[in-house]
Amino acid sequence: MNDLLNKINGFGVVPVLVLDDSKNASLAARALIDGGLPCAEVVFRTPAAEESIRIISKEHPQMLLGAGTVLTVRQVELAIAAGAKFIVSPGLNPKLVKHCQSTKIPIIPGGMTPSEIEAAIGLGLDTVKFFPAEIAGGIDMVKALSAPYPEIKFMPTGGINIDNLSSYLNFNKVMACGGSWMAKKELINNGNFKEITRLTKEVVSAVKKLRGV
Ligand code: 3PG
């Protein structure tokens, strides 16, 4: 794993931010930082993603900031220009992966089947996003996939919350979990940033407890 993936591994959880309005970007990032988790993946599912990444990277440079739901080379370029330090994609798109590799930005692409994982290995990767985690078989599926591919690390995302987090993080092939549960779009849109900080603190203490630190 490279340095950036090591840092993500250290956090244990990557908050997924769906920002409908870039005016909430800085406050959402602040809420995560105040909760002790200076890390986020802003997803390109809303037109506000690019501007939100720009704002967060300017106002909170200490944050480890990535772009998620990246589907095109153009979005990779926009994300990098806005300040994203890593790219996450729901599927495995070789063109996108090769572009990230030539631009030297880490990418964590989706991989939830043996064929996708083998394609990722073929592209020289060692980490995939296991998405949508709970629906795709949860931790049992991650463990089953790990058997033939012991060198692969997973970032399960989708349907993860404070109650099932430990089942994933207890498995040593899980680099970190992604999820929106501590910063749900409703909380952001209602300006409930205090609740985001509270839920984030809960995540941070759960990760510490699980890792015995
Ligand atoms: C993602 O974009 O990676 C997932 O949709 C996040 O999944 P969650 O909202 O179930 O946490």
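**Ligand site and cysteines**

A polar backbone atom of Gly159 lies 2.7 Å from an oxygen atom of the ligand. This is a polar contact, defined as a pair of N or O atoms within 3.5 Å; within protein, one must be able to donate a hydrogen and the other to accept it, and residues adjacent in sequence count only if both atoms are side-chain atoms. The model is predicted: local features need pLDDT of at least 70, side-chain atom pairs count only at pLDDT 80 or more, and totals for chains, interfaces and linings use all residues. Residues are numbered from 1 along each chain as its sequence is written, and side-chain values use heavy atoms, leaving out hydrogens and water.

A polar side-chain atom of Arg45 is 2.3 Å from a ligand oxygen atom. For Ser180, a polar side-chain atom lies 2.6 Å from an oxygen atom of the ligand. On its own the ligand has 310 Å² of accessible area, and the protein covers 81% of it (Shrake-Rupley method, 1.4 Å probe).

The residues around the ligand (a heavy atom within 4 Å) include Val16, Lys129, Phe131, Thr157, Gly158 and Gly179. By class, this shell holds two nonpolar, five polar and two charged residues, with Gly counted as polar.

The cysteines were examined next. A disulfide requires a pair of cysteine sulfur atoms within 2.5 Å. The count is zero. Cys100 is in no disulfide; its nearest cysteine sulfur, in Cys39, is 17 Å away. Cys100 is buried, because its relative accessibility is 0% (buried, under 20%; exposed, over 50%; partly exposed, in between; 1.4 Å probe, protein chains only). The sulfur of Cys177 is 12 Å from the closest cysteine sulfur, that of Cys39, and therefore too far for a bond. Cys177 also has 0% relative accessibility, so it counts as buried.
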